[in-house]
Amino acid sequence: MPETADQSRYQIRFEWGASGVRRLAASDVVVIVDVLSASTEVVDAVAAGRAVPLAETGVAGLAVDANDAGALVLLGALRNAASVAAAVLAEQQRRGARTSVAVIAAGDADAAGWRAAVEDQLGAGAVIDALGSLGLDHTSPEAAAACESFRGLQSAVRHLLTASASGQTLLETGEREAVLAAATLDAVSVVPVLRDGVFVAA
């Protein structure tokens with residue numbers, strides 16, 4: 001892995017998908033963001049008091065790679081961005097040391113293969129923005145760009161999610177309310193954390 005691509009100089013890092021997890025330097029905390037699929041569903045399930053096995057989330061590959069590297073694995077979304085940031089800060093305080101954070105946008109897959117998904121960039125940007133508001137703002141250029149995309153487009157998030165390729169697919173199957181719910185910033189305070197192969201409340 002080229003050192004120039006691993007973002008090891010920065011506390012807050014950003015990448016895409018499973019290859020991004022492997023490309024980055026090992027991080028103390030990995031936040032996986034999959035706004036219109038796994039993360040939002042798991043956030044809401046854990047908020048309702050249910051534990052969710054990793055195998056049922058759709059982000060198992062990402063989480064296993066991060067967990068095997070020794071990271072604390074959290075799930076982030078628009079719905080819990082501020083709470084994820086607070087959980088990261090609490091982990092840094094618990095460790096008593098500067099804590100590196102990799103924010104990973106999961107992306108999506110269609111008939112043509114894997115693709116970057118705008119909703120996941122916005123969700124990742126929301127988490128990075130929330131981290132910055134708590135003083136964790138030594139961001140890589142990649143993380144800064146994701147953050148600024150969220151800041152600049154925050155007022156249009158609902159429209160962007162419904163208009164995105166992933167959102168349109170869900171709308172076609174009658175899931176408009178689920179898309180709108182996923183677009184709601186900081187609607188819940190729960191942060192799913194991976195422990196022994198299961199996501200539970202942090």
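User: Which residues of helix α4 are buried?

Analyst: A residue is called buried when its relative accessible area is under 20%, exposed when over 50%, and partly exposed in between, with a 1.4 Å probe and protein chains only. In α4, the buried residues are Ala81, Ser83, Val84, Ala85, Val88, Glu91 and Gln92. Please note that this is a predicted model, in which local features need pLDDT of at least 70, side-chain atom pairs count only at pLDDT 80 or more, and totals for chains, interfaces and linings use all residues. Residues are numbered from 1 along each chain as its sequence is written, and side-chain values use heavy atoms, with hydrogens and water left out.

User: How should I read the spacing of residues along a helix?

Analyst: An α-helix has 3.6 residues a turn, so residues three or four places apart point the same way. Helices (H or I, at least four residues) and strands (E, at least two) are DSSP runs, numbered from the N terminus. The buried residues of α4 pack against β2, β4 (72-76), β5 and α5 (118-133), where contact means heavy atoms within 4.5 Å.

User: What distance does α4 reach from its first C-alpha to its last?

Analyst: The expected span of a helix is 1.5 Å times one less than its number of residues. Helix α4 (residues 81-95) has 15 residues and reaches 21 Å, close to the 21 Å expected. After α4 comes Gly96, with a positive phi near 65 degrees.

User: Which strands pair with β5?

Analyst: Two strands pair if DSSP finds at least two bridges between them. Strand β1 (residues 12-16) runs parallel to β5 and is joined to it by 5 bridges; Phe14 has Val103 as its bridge partner there. Strand β2 (residues 29-33) also pairs with β5 in the parallel sense, over 5 bridges, and the partner of Val30 is Ala102.

User: Are the faces of β5 buried or exposed?

Analyst: Both faces are covered: Val101, Val103 and Ala105 are buried on one side, and Ala102 and Ile104 on the other. Thus 5 of the 5 residues in β5 (residues 101-105) are buried.

User: What is the phi of Asp186, and what is that of Asp196?

Analyst: Most residues other than glycine have a negative phi. Asp186, however, has a positive phi near 55 degrees, and Asp196 has a positive phi of about 55 degrees. Asp186 lies in the loop between α9 (176-182) and β8 (192-195) and is partly exposed, at 37% relative accessible area. Asp196 lies in the loop between β8 and β9 (198-201) and is exposed, at 82%.
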